[in-house]
Structure formats: structure tokens, C-alpha cells
Protein chains: 2
Amino acid sequence: MQTIAIVSGGVDSITLAYHLKNQGHSLHLLSFDYGQRHKKELQFAAYHADQLGAYHDLVDLTCLYPIWLGSALTDETVSVPTGAYTPETLAVTVVPNRNAIMTAIAYALASTDSADAVALGVHSGDHAIYPDCRPEFLQAMETAMQLSTDSSIQLLAPFRHMSKTEIITLGNSLDVPFVHTWSCYQGGATHCGTCSTCVERRNSFVQAGVSDPTHYQGEETT
Amino acid sequence: MQTIAIVSGGVDSITLAYHLKNQGHSLHLLSFDYGQRHKKELQFAAYHADQLGAYHDLVDLTCLYPIWLGSALTDETVSVPTGAYTPETLAVTVVPNRNAIMTAIAYALASTDSADAVALGVHSGDHAIYPDCRPEFLQAMETAMQLSTDSSIQLLAPFRHMSKTEIITLGNSLDVPFVHTWSCYQGGATHCGTCSTCVERRNSFVQAGVSDPTHYQGEETT
């Protein structure tokens, strides 16, 4: 099965790539530069494409930057939230319709490449605030994209009912080298350790009972 | 009603803009450079935005060019069809998932701008070959995009059951200055008059009984 996997370079999508590889998929990874301040994550996507022997495409969507002003992920004037996420702080990290746009582009590529599926690493922890991570969106999007490309290309989201903790547990069982993944929305030299995404990453490793290989800023490496 | 209208600069989408304006919509026009060889059409989109007092955004999607190799609209190595369209010659003009990608981007903008609707100028003549112009796609896409943006933003396609001839009849009644629209896929100084899209344009004016103001190459202007 030939699958286009949308991969950012974070824990979820990198685990997705290893999971699909383990399931026997022939992988083509697809990443997007949408002006995210943590575009450092894209280096990790490229690294894992190399590790997995997968073709990797990077699509430049920085032209959409004006549409996405106001999101903490793309707008330098909006502060990245710190501490544990709340509904309010998660809300400023929304990038409207991002997953839909990426999925539509992935379907164009899948159609051109005669691939069988498009895969996304969305998980249940994102449902409350990110509408384009919810199962009902994913199902409707698959229908729309199959009609649009006159195909039966599937939209796979195997983690849609899993938590980040469960994803880390799965990734650990697949020997995913988590040290080569990136979460921090600050996009600095190391994970800041204080932004909400770093807090979520750290907590998820603790809850999974998996050793966290991340070097957080100001902490001794082990 | 605030509406984001996707406008190429051709007869259908320009008539759409005038029709929506006439219906009382507050318009924001959105155009795309996707590497089309007839990108000259975009000048006409800008012209009508100015005429209609509408804000106009141009999104650069030329980064998707590699995905769309093989289409006569974007690939200089593929000949633009000439003569009346046949199913075979129409097929080489397909740009996979183009309308879905454009619609997803328009929904991102509509979400950011708190607009009420996104509008497309697709018509019934395109249904046979272009799956992303069919009513069933449009309905599924509206559902997916509303879920994705957690909104009730409508997807309007008022010409979805109309022919190009009927669109020209409507445009004529609205005094659309058709001379400032562009159809020719060759993208030369004037309409070539021989490519299939020029043939379709010319025939549609004849069938509508509307004077064709187009200057076709090698013909005297009237």
C-alpha cells in the first residue's frame, strides 16, 4: 500500500511514519513550511524520511502567512502559551483550516502518484480545540477528497482515538528515536521546557512511563 | 453577507463576482497563481476587483507545480488541446484537486475574516471530466469545511447546474464587460481562437446570442 504521510517532525507524526512502515506501507512523507516559528521541526521530518528510506517532499505554504496572522504558531507578535494547556491557551495555537489544506494538497499528490492513502497523525487530545482533528471532520474530508479526485484514496488517522501518551507507548515499542523529534513552539536551539507544548511532551513521557530523551533548556543532559 | 469569491479572471468566475455583487454580497476576491501558463488571466481578476470595489488577494501556489506536472494548464511539455473539446482532450486539462485546495484556502481566509460564505464559479459543462466541479463534491466539501472550521460558512456555487451559455446570458444581463475576461489556455497576447477553451468561449457566445467582444488572433477587431 502506497501512502502519503503528512509529517511535521513531532512525536505524533514521526510515530505515525514508523507505525505505517511497520505495517508494511510504502511511504512518501510530506511536510509543510507554513511560516511556523518552530520550522526547525522540518529538519527532523527530513531526518526520518532518510532513516525510513522514504521519499520526502516539502511544500512551501509561507504565502498563506497573512491568512494565519493571529496564531501563536505563525505570528511573532502573539506569545506562545506556557504551562499546562487550558482551552484559552490552546485556542491561540489554532491555525485555521491547516489540516484541511494540507490534506487537500496531499490528495493532489496521491492522485498524481496513484497512491492508495493519505495519513495524518492527529490524536484525541486535539479534538476539543482543533476542529480539523476531530473524527467527524476526518470522515467528511475523506468523502470530499474521494469525490474530488474520483478515487478511493483512503484518509488514514490511526491515532484519532489515542492520547499522546498512548502514541509514545506505541512509538517506544517501535523503537522510534524520540530524541530526533521536535515539539517546542518556541523553535529555539533546544526545547524550552516551559511552553505548553513542551509541558505536554514532558508529561506524556512521564505518563507513558517512557524515558524522555529530550534536552530541555537549562537542564543537565543525562 | 460577506463572501470570499474564488476568481480566475475567466468568463464564469467574473460573472459570478458581478452576480454576487448584484445580489448584495460584500465581496473579497481570491485568485491563485498555480503556475498556469495562462496566468495572464490574473490581471483580469485584479481589474474586476477594482471595478467592483472588492478587496483582492492573490495566493502563490506555484510551489505545487511538481504535483501538477502532466496537466496541459501547467506543464509546457504538454500541448494545449485544439478544436472542440472531447473527453480525451479535456482530460489533459485536469489539475488534480485544484478546486479542493483553493476552497480549503478560501475557508481559512473566511474563518480568519469571519466571512459568511465561499463562492465558486463551477458550471455543469465541467462535471463530466472535472470531479471537483460536481454537485456531490461541492456538498461534501461544504460539510467537511464547516466541520474543519467549526463554522456554518456556506459554499456557494450558483452556476453548478448552468451551462457556460447560460452564464454568458446572465452576465450580459448584468452588463459584465466580457472584453476584460480571459479564457485562452495558451496565454498569449490575444486569445488564440483555436485552443479548445477559445472554441468553447466563442461557441458559448454564439449560442447565447450575445455579441462576442473577444479579439481572437488573426481576426479583424470589429
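# Close-up views of a two-chain model

**View 1. S114(A) sits in the loop that links α4 (98-113) to β4 (117-119) in chain A.** Helices here are DSSP runs of H or I with at least four residues, and strands are runs of E with at least two, numbered from the N terminus. The model is a predicted one, in which local features need pLDDT of at least 70 and side-chain atom pairs count only at pLDDT 80 or more, while totals for chains, interfaces and linings use all residues. Residues are numbered from 1 along each chain as its sequence is written, and chains are lettered from A and ligands numbered from 1 in the order in which they are written. Look at the backbone of S114(A): its phi is near 55 degrees, a positive value in a residue other than glycine. S114(A) counts as exposed because it has 9 C-beta neighbours inside 10 Å. (The cut-offs use C-beta atoms placed from the backbone: 20 or more others within 10 Å is buried, 12 or fewer is exposed, and in between is partly exposed.)

**View 2. D175(A) also has a positive phi, near 60 degrees, and is not a glycine.** You will find D175(A) in the loop that runs between α6 and α7 of chain A. Its 9 C-beta neighbours inside 10 Å are why D175(A) counts as exposed.

View 3. In chain A, α6 (residues 164-173) and α7 (residues 196-208) meet at an angle of about 65 degrees, with their axes 8 Å apart. Axes are lines fitted to C-alpha atoms, for helices over the stretch in contact, with angles from 0 to 180 degrees between N-to-C directions. On the α6(A) side, the contact is made by K164(A), T165(A), I168(A), T169(A) and N172(A); on the α7(A) side, by E200(A), S204(A), F205(A), Q207(A) and A208(A). Contact means C-beta atoms, placed from the backbone, within 7 Å. Sorted by class, this contact has three nonpolar, five polar and two charged residues. (Nonpolar covers Ala, Val, Leu, Ile, Met, Phe, Trp, Tyr, Cys and Pro; charged covers Asp, Glu, Lys and Arg; the others, Gly among them, are polar.)

**View 4. E219(A) belongs to the segment after α7 of chain A.** E219(A) is exposed because 11 C-beta neighbours lie inside 10 Å. For orientation, N172(A) is 47 residues away from E219(A) along the chain, and their C-alpha atoms are separated by 23 Å.

**View 5. R37(A) lies in the loop between β2 (26-33) and α2 (41-52) of chain A.** Here the residue is partly exposed, because 18 other C-beta atoms are within 10 Å. Neighbours within four places in sequence aside, R37(A) is in contact with L73(A), T74(A), E76(A), Y185(A) and G187(A).

**View 6. A5(A) is surrounded by alanine and leucine partners.** Not counting residues up to four places away in sequence, A5(A) touches L16(A), A17(A), L20(A), L27(A), L29(A), L30(A) and A119(A).

**View 7. In chain A, α4(A) packs on α5 (residues 135-149) at an angle of about 35 degrees.** Their axes are 11 Å apart. Helix α4(A) brings A100(A), T103(A), A104(A), Y107(A) and S111(A), which meet M141(A), M145(A), S148(A) and T149(A) of α5(A). This contact has five nonpolar, four polar and no charged residues.

**View 8. Chain B meets chain A through 30 residues on each side.** On the chain B side, β3 (55-60), α4 (98-113) and α5 (135-149) each supply at least two residues. Helix α5(B) gives the largest share, ten residues. The chain B side has 19 nonpolar, six polar and five charged residues.

**View 9. A rotation of 180 degrees, with 0.0 Å of shift along its axis, superposes chain B on chain A, with an RMSD of 0.0 Å.** The two copies are therefore related as by a two-fold rotation axis.

Notes. Contact = placed C-beta atoms within 7 Å. Least-squares fit on C-alpha atoms with pLDDT ≥ 70 in both.
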